[in-house]
Amino acid sequence: MAVSDNSAEGYELRDPDVRLMLEVRDDSAAAFEELMLRYQNRLVTVLEHLVGGRDQAEDLAQEVFLRVYRSRKRYVPGAKFSTWLFTIANNVAANARRTRSRRREVSLSVSDGSSSDGNRLDQLAQAASGLMPARQLDKAEMRDIIRVAIESLNERQRMAVLLSKFENMSYADIADSMEMSQEAIKSLLSRARLNLKEVLEPYLERGDRPATD
């Protein structure tokens, strides 16, 4: 009997992380530890950009893994594991932002750029520099500029860009993670690219840094 691409068996066959999660469902501590090792840094990187602080991102990553563990007995593969995980992360980040908003706490902290996501920001900085190659760019400075530019996006645009650029997710997977249609995701990313270009071009052309407030 053929296995449908979108069946639980199909995901189990194609995605090694789904197989690990199924072991977690069967109470394998080693499998859970392996998933944490594979995704912890990636989760913290994405969450940091969603909530604006490294410390909070690390706390929220722990909450994401806690939710994964608590829901393990109900787990049925319905998507790639990463898609499922970042759906949880998106919800956790949204809850954190709502809580912060209710408390009227505004965090304007900007990381010093020494975090472990430097390599990925380097890649994004390199891609962004292609917008206007006339200016010789300092990598560390460019990382900070990219960080500010991403933080200028609205929540949905930021999440879509992070999943696309940092996680290399397809439109379909991003759509699943954000519970939107693929067409909506394409439109969202298109608007995000335009917004990023608008923020980055003054810096790339004349060295004018974007406002951070």
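This is a predicted model: local features need pLDDT of at least 70, side-chain atom pairs count only at pLDDT 80 or more; totals for chains, interfaces and linings use all residues.
Visitor: Start with α3 and α5. At what angle do they pack, and how far apart are the axes?

Guide: The angle is about 40°. The axes lie 10 Å apart. Helix α3 covers residues 29–51, and helix α5 covers residues 81–102.

Visitor: Is the crossing left-handed or right-handed?

Guide: The crossing of α3 and α5 is right-handed.

Visitor: Which residues meet there?

Guide: From α3, the list includes Leu35, Tyr39, Arg42, Leu43 and Val46. Further along α3 come Leu47, Leu50 and Val51. From α5, the partners include Phe81, Ser82, Leu85, Phe86 and Ala89. Ala93, Ala96, Arg97 and Arg100 in α5 also take part.

Visitor: How do the residues of that contact divide into nonpolar, polar and charged?

Guide: There are 13 nonpolar residues in the contact of α3 with α5. One is polar, and three are charged.

Visitor: New topic. How many salt bridges does the count come to?

Guide: The count comes to 13 salt bridges.

Visitor: Which residues does Arg54 pair with?

Guide: Glu48 is one partner, at 3.0 Å from N to O. Glu58 is another, with the closest N and O atoms 3.6 Å apart.

Visitor: Where do Glu58 and Arg54 sit?

Guide: Both lie in helix α4, residues 54–70. They are four residues apart, about one turn of the helix.

Visitor: Which residues are linked in a network of salt bridges?

Guide: Glu48, Arg54, Glu58 and Arg147 are linked that way.

Visitor: Is Glu48 buried or exposed?

Guide: Glu48 counts as buried, because its relative accessibility is 4% and the cut-off is under 20%.

Visitor: And what about Glu58?

Guide: Glu58 counts as partly exposed, at 35% relative accessibility.

Visitor: What does Glu183 form a salt bridge with?

Guide: Its partner is Lys186. The closest N and O atoms of Glu183 and Lys186 are 3.6 Å apart.

Visitor: Which helix holds Glu183 and Lys186?

Guide: Helix α10, residues 182–206, holds both. Glu183 and Lys186 are three residues apart, about one turn of the helix.

Visitor: How accessible are Glu183 and Lys186?

Guide: Glu183 counts as exposed, at 54% relative accessibility. Lys186 is partly exposed, with a relative accessible area of 35%.

Visitor: Rings next. How many aromatic pairs are there?

Guide: The count comes to five aromatic pairs. One of them joins Phe32 and Phe65. That pair is edge-to-face, 6.4 Å centre to centre, with 90° between the planes.

Visitor: What does the Phe32 and Phe65 pair tie together?

Guide: Phe32 lies in helix α3 and Phe65 in helix α4. The pair therefore ties together parts that are 33 residues apart in sequence.

Visitor: Are Phe32 and Phe65 buried or exposed?

Guide: Phe32 is buried, with a relative accessible area of 15%. Phe65 is buried too, at 3%.

Visitor: Why is the pair of Tyr75 and Trp84 called tilted?

Guide: The planes of Tyr75 and Trp84 are at 50°, so the pair is tilted. Stacked would need under 30 degrees, and edge-to-face over 60. The ring centres of Tyr75 and Trp84 are 4.8 Å apart.

Visitor: How accessible are Tyr75 and Trp84?

Guide: Tyr75 counts as buried, at 4% relative accessibility. Trp84 counts as partly exposed, at 23%.

Visitor: Last one. Which residues do ring pairs link into a cluster?

Guide: The cluster links Tyr39, Tyr75, Phe81 and Trp84. Tyr39 in α3 and Phe81 in α5 are also among the residues that meet between those helices.

How values were computed:
Residues are numbered from 1 along each chain as its sequence is written. Side-chain values use heavy atoms; hydrogens and water are left out. Axes are lines fitted to C-alpha atoms, for helices over the stretch in contact, and angles run from 0 to 180 degrees between N-to-C directions. Helices (H or I, at least four residues) and strands (E, at least two) are DSSP runs, numbered from the N terminus. A crossing is left-handed if the near helix is turned anticlockwise from the far one by less than a right angle, and right-handed if clockwise. Contact means heavy atoms within 4.5 Å. Ala, Val, Leu, Ile, Met, Phe, Trp, Tyr, Cys and Pro count as nonpolar, Asp, Glu, Lys and Arg as charged, and the others, Gly among them, as polar. A salt bridge is a side-chain nitrogen of Lys or Arg within 4 Å of a carboxyl oxygen of Asp or Glu. Buried means under 20% relative accessible area, exposed over 50%, partly exposed in between (1.4 Å probe, protein chains only). Rings of Phe, Tyr and Trp (its six-membered ring) pair if their centres lie within 6.5 Å; planes under 30 degrees apart count as stacked, over 60 as edge-to-face and the rest as tilted.
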